[in-house]
Amino acid sequence: MTQRLRLVLLGTGLSTLLGLLLWGLHGVPPFGHYRGPYGQLVDTVGERERHVTNMVSAVNFDYRGFDTIGEEFILFVAGAGCAVVLRRQGDPAERTEPSGPLGATEATRTVALLGMAPLAVFGIYVVAHGHLTPGGGFQGGCITASAVVLVCLAGRCRTMRRIVPETLADLWDSAGAGGYVLVGLGGLAGGAAFLSNVLPLGTTGHLTSGGTMAVISLAIGLEVTGALLLIVTEFLNQLQRTPQEDA
Amino acid sequence: MDFLPYVVSAWLFGVGVVAMVTARNLISLIMALVVTQSSTYVLLLAIGYVTGAAPPIFASVPSSTPAVDPVVQALTLTDIVVEATVTALLLTFAVRAHQRFGTLDPRELRALRD
Amino acid sequence: MIALQVTILLVVAVAGAVAALIRQPKRQIVALNIYGLTLALLFFAFSAPDVALSELAVGGVVLPMIVLLALARVRRHER
């Protein structure tokens with residue numbers, strides 16, 4: 001199949017698709033006139049029913065918690081896939097650290113040093129307060145992972161590998177994924193359906209409100225941090241030189 | 001002006017697909033895929049928007065203030081993080097393909113297979 | 001629709017086209033990063049702070065990080 005034939009096919013397919021898309025979007029309610037009842041229902045009864053103030057987290061971790069388990073496992077499998085595809089052969093003791101490309105300038109090192117600790121604390125704050133203010137496990141996990149990667153950006157990749165070795169990132173990843181399933185099974189043990197909110201709901205606005213939502217947020221934060229650090233560590237391992245490549 | 005978000009979403013989708021098909025570099029292709037995926041976020045959020053409404057966080061406002069739809073926001077935010085990890089997986093395949101075949105050009109990769 | 005949303009939508013459309021159509025990966029990463037920031041502004045203008053936070057954390061930090069690592073790996077093997 002030549003490039004020209006491919007482009008012709010793309011042109012016909014894309015123009016048909018875009019025509020259909022724009023015709024279909026013409027029938028969607030105009031921007032700003034949301035008609036669906038589900039969203040407005042969640043907004044109205046959510047705070048009273050679940051004692052939390054962040055409706056998005058309530059939908060994510062409670063009302064549609066089962067969909068979030070699926071999303072979390074997509075993340076988990078993607079991280080595991082990266083680890084499997086990038087596996088190395090040979091003796092790990094013979095590898096040397098790369099020189100040059102990961103060296104840091106003074107400016108980068110200063111910003112990274114100043115930003116490491118506040119970012120880590122901020123990430124944990126976002127994870128813990130996911131059901132009260134904008135945030136949750138997914139966002140907080142990304143922020144905490146980037147706080148750890150800042151250590152590598154400051155030029156100390158070996159230190160980062162010592163703080164969070166591959167096995168620790170692996171452990172966090174699996175603990176987060178397994179923890180979510182355990183919370184679901186806890187719902188079964190509590191006499192209700194899988195993933196029901198069986199812990200006491202507490203008072204609205206407090207850190208311990210929401211029942212299982214806070215626990216699920218912590219599990220997801222742990223899992224996202226572990227998966228992202230695992231991916232970064234695997235890629236960094238690829239940058240090491242092995243003796244057979246140097247020869 | 002009411003149809004502008006939908007047009008922008010379709011435009012991003014089209015631009016992303018064209019960039020993907022005419023890419024010369026696998027990594028450039030993967031980044032065009034990211035743009036294509038982001039068109040769905042714009043569409044989802046545009047569907048759930050209510051004119052003049054507040055975000056669905058009731059930490060400092062009473063629960064009866066009109067708010068936008070939280071369900072599409074929940075879908076979109078998990079999708080964004082999952083997209084990042086799937087992009088990482090695709091990049092590992094690109095890295096392995098380069099290691100095996102020595103090139104990142106999708107057209108040449110096709111020829112080497114035959 | 002208020003003027004802020006119209007402006008940010010147009011900026012997002014332009015930034016997305018630029019980010020997709022640049023061919024060199026090293027320059028495309030920067031364009032993709034800027035596109036992520038404009039998307040975060042758009043989500044903020046659509047009253048979606050959770051989604052804006054997620055897009056900032058991912059599109060601003062995680063995505064450029066993994067693409068740069070992949071590029072460094074490919075470049076080292078080409079040497």
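**Entry 1: what kind of model**

I noted at the start that this is a predicted model.

**Entry 2: chain A**

I looked up the secondary structure of chain A and found ten helices and zero strands. Read from the N terminus, the order is therefore plain to write down: α-α-α-α-α-α-α-α-α-α.

How does the radius of gyration of chain A stand against that of a compact globule of 247 residues? The globule would have a value near 18 Å, whereas chain A has 23 Å. I also took the box that the C-alpha atoms of chain A fill along the principal axes, which is roughly 65 × 55 × 40 Å.

Next I checked burial, and 39% of the 247 residues of chain A count as buried. For contacts in chain A with a separation of 6 or more, I found that 73% are between residues 24 or more positions apart.

**Entry 3: chain B**

Chain B has four helices and zero strands, and its elements run α-α-α-α from the N terminus on.

I wrote down the span of the C-alpha trace of chain B along its principal axes as about 65 × 30 × 15 Å. Buried residues come to 54% of the 114 residues in chain B. Taking the contacts in chain B between residues at least 6 apart in sequence, 51% join residues at least 24 apart.

**Entry 4: chain C**

I counted three helices and zero strands for chain C, in the order α-α-α from the N terminus. The radius of gyration of chain C is 15 Å, well over the 12 Å from the globule rule for 79 residues, so this chain is also more spread out than a compact globule.

The box for the C-alpha atoms of chain C is roughly 55 × 25 × 10 Å along the principal axes. Of its 79 residues, 53% count as buried. In chain C, 47% of the contacts with a separation of 6 or more are between residues 24 or more positions apart.

**Entry 5: the largest nonpolar core**

Which residues touch the most other members of the largest nonpolar core? I found A:Cys142, B:Leu45, C:Val62, C:Ile66 and C:Ala70, in a core of 127 residues. Helix H9 of chain A, residues 212–238, gives the largest share of this core, with 16 residues.

I then followed A:Cys142. Leaving out residues up to four places away in sequence, I listed its contacts by chain. In chain A, A:Cys142 touches A:Val224 and A:Leu228. In chain B, A:Cys142 touches B:Val81. In chain C, A:Cys142 touches C:Ala57, C:Val58, C:Val61 and C:Val62.

**Entry 6: where chain A meets chain C**

I looked at how many residues each chain gives to this contact: 20 residues come from chain A and 16 residues from chain C. On the side of chain A, the elements that give two or more residues are helix H6 (137–153) and H9. I sorted the residues of that side by type and got 14 nonpolar, six polar and no charged.

**Entry 7: helix H3 of chain C**

Helix H3 of chain C covers residues 49–78, which is 30 residues. From its first C-alpha to its last, this helix reaches 42 Å, close to the 44 Å expected at 1.5 Å a residue. I looked for a bend and found a kink of about 30° in H3(C), centred on C:Val58. C:Val58 had already come up in my notes, as one of the residues that A:Cys142 touches.

I then noted two residues in chain A that have a positive one.

A:His51 has a phi near 60°. It sits in the loop between helix H2 (37–50) and helix H3 (55–63) of chain A. Is A:His51 buried or exposed? It has 22 C-beta neighbours inside 10 Å, so it counts as buried; the cut-off is 20 or more.

A:Leu195 has a positive phi of about 70° and is not a glycine. Its place is the loop between helix H8 (166–189) and H9 of chain A. A:Leu195 counts as buried because it has 23 C-beta neighbours inside 10 Å.

Methods. Residues numbered from 1 in each chain as written. Chains lettered and ligands numbered in written order. Predicted model: local features only at pLDDT ≥ 70, side-chain atom pairs only at ≥ 80, totals over all residues. Buried ≥ 20, exposed ≤ 12 C-beta atoms within 10 Å, placed from the backbone. Contact = placed C-beta atoms within 7 Å. Rg over C-alpha atoms; globule rule 2.2 N^0.38 Å. Core = buried A, V, L, I, M, F, W, Y, C linked by C-beta atoms within 7 Å. Nonpolar A, V, L, I, M, F, W, Y, C, P; charged D, E, K, R; others polar. Expected span 1.5 Å × (residues − 1). Bend = angle between axes of the 7 residues up to and from the residue.
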